[in-house]
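Here's a walk through a protein model for someone who likes cut-offs spelled out. Have a look at the fold first, and then we'll go through its pocket, helices and cores.

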Amino acid sequence: MDESKDEKAHKVFIERLTLGVTRVLESLPGVLDVRFAEREPAEKRCLLSWEQKNACVLPEDLRDFYLTTDGLTLTWGSKLENECVSVGCMVINSVAKLRRLGQSAVFSLPSTPTIADLDSDGEAEETGREQPRFDSRSRIFELDPCAGNGKVCLVYKNSTEDEVSQQCDVWFLDRSLYWHYLTPSFTAYYRLMITHLGLPEWQYNFTPYGPSPQAKQWAALYQPLTFHSDPHLDSAGEPLLNKLDPAKAFKGKAKQPPPKKKAPTQASTTGSGGPPKMHGGSGRHSALKR
């Protein structure tokens with residue numbers, strides 16, 4: 001009895017933590033191997049140590065999340081040709097992996113290029129917000145490695161060395177090292193990740209160029225739990241994919257009909273006109289022979 005109660009309590013805990021997305025995934029056709037990695041809550045002293053080391057105050061919602069579970073990993077796959085293919089992945093780094101980006105090596109030379117050299121003055125094109133900086137003006141921490149397709153980062157902007165940073169928001173750094181604004185808080189990002197089911201490259205929906213064609217196919221198969229219109233849809237509400245019509249693409253050139261032959265002109269039967277010129281020419285030729 002006690003074990004069954006513990007299992008039920010554990011399932012209720014997972015459903016509340018994941019906002020019920022595990023149940024949604026298990027109900028989708030073809031979805032297999034939904035896995036949630038259990039983690040112990042982070043200790044308060046670890047959070048305080050992180051804040052003192054990085055001179056940043058964790059937002060209240062992220063602090064509550066870490067006091068519930070030290071990070072999150074939820075994966076799921078799909079059945080493809082009798083095999084389970086890994087598709088979705090939702091990750092929130094643990095406190096130990098919430099590392100700062102843009103820090104130079106300790107033993108680097110003064111003339112060694114750093115990632116801060118890539119900073120460009122300006123604002124994010126799609127939002128008009130001030131972009132994060134890789135130098136001391138911003139403190140950037142990796143929330144989600146995005147399976148190598150970019151990084152979701154917790155960004156503290158307008159930072160100074162003598163002050164503790166408190167205000168932060170969530171940005172996406174794509175593989176070209178361009179910044180794209182996502183949400184003003186961790187809670188908003190967490191809900192965004194859940195509603196997109198952790199689909200591949202879902203963060204690229206908030207970029208001007210969108211995800212890859214393969215990622216769009218997965219999104220078309222497993223529609224995200226979003227109700228807003230997708231900027232990467234055409235006027236008919238369908239994804240902007242390359243549409244191929246075999247009837248038109250492989251249709252040969254139409255053969256032109258052969259030219260119609262002109263009907264031969266008939267000799268006039270009226271009047272005293274002589275025979276056609278051809279006959280007249282043959283008569284003169286026979287007269288010369290004589």
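What volume does the second largest pocket have? About 340 Å³. A pocket here is an open set of points on a 1 Å grid over the protein atoms alone, where a 1.4 Å probe fits and there is protein on both sides within 12 Å along at least five of seven lines; lining residues have an atom within 4 Å of a point. Grid points are joined across faces, edges and corners, and the volume is the space filled by probe spheres set on those points.

Before going on, the ground rules: this is a predicted model, with local features needing pLDDT of at least 70 and side-chain atom pairs counting only at pLDDT 80 or more, while totals for chains, interfaces and linings use all residues. Residues are numbered from 1 along each chain as its sequence is written, and side-chain values use heavy atoms, with hydrogens and water left out.

The lining splits into six nonpolar, three polar and four charged residues. Helices (H or I, at least four residues) and strands (E, at least two) are DSSP runs numbered from the N terminus.

In helix 3, Leu47, Trp50, Glu51 and Asn54 are buried; buried means under 20% relative accessible area, exposed means over 50%, and partly exposed is in between (1.4 Å probe, protein chains only). Those buried residues fall within an arc of 95 degrees seen down the axis of helix 3, so they line one face of the helix. The arc is taken from the directions running from the helix axis to the C-beta atoms. On the face turned away from the buried side of helix 3 sit the exposed Arg45, Gln52 and Lys53. The cover over the buried residues includes helix 4, strand 4 (100-101) and strand 5 (139-144).

**Helix 6**

Helix 6 (residues 213-221) has Ala215, Lys216 and Trp218 buried. They span an arc of only 160 degrees around the axis, which puts them on the same side of helix 6. Pro213, Gln214, Gln217 and Leu221 are the exposed residues on the face turned away. The buried residues of helix 6 pack against strand 2 (72-80) and strand 3 (83-92), where contact means heavy atoms within 4.5 Å.

**The cores**

In soluble globular proteins, nonpolar side chains tend to be buried together. A nonpolar core here is a set of buried Ala, Val, Leu, Ile, Met, Phe, Trp, Tyr and Cys residues joined through side-chain atoms within 4.5 Å. The largest one has 44 residues, and Phe65, Tyr66, Trp76, Ile92 and Leu143 have the most contacts inside it. Helix 5 (residues 186-195) gives the most to this core, with six residues. Apart from it lies another core, of nine residues, including Leu101, Cys153, Leu173 and Tyr181.

Tyr66 belongs to helix 4 (residues 60-68) and counts as buried at 0% relative accessibility. Leaving out residues up to four places away in sequence, Tyr66 touches Pro41, Ala42, Leu47, Gly71, Ile92, Asn93, Ser94, Val95, Leu98 and Leu143. Trp171, in strand 7 (residues 169-173), is buried too, with a relative accessible area of 0%. Here are two pairs, with C-alpha to C-alpha distances.

| Pair | Apart in sequence | Apart in space |
|---|---|---|
| Tyr66 and Ser94 | 28 residues | 7.7 Å |
| Trp171 and Val155 | 16 residues | 6.8 Å |

Most residues other than glycine have a negative phi. Asn158 has a positive phi of about 55 degrees although it is not a glycine; Asn158 lies in the loop between strand 6 (151-156) and strand 7. Glu201 has a positive phi of about 60 degrees and sits in the loop between helix 5 and helix 6.

Definitions and conventions:
Ala, Val, Leu, Ile, Met, Phe, Trp, Tyr, Cys and Pro count as nonpolar, Asp, Glu, Lys and Arg as charged, and the others, Gly among them, as polar.
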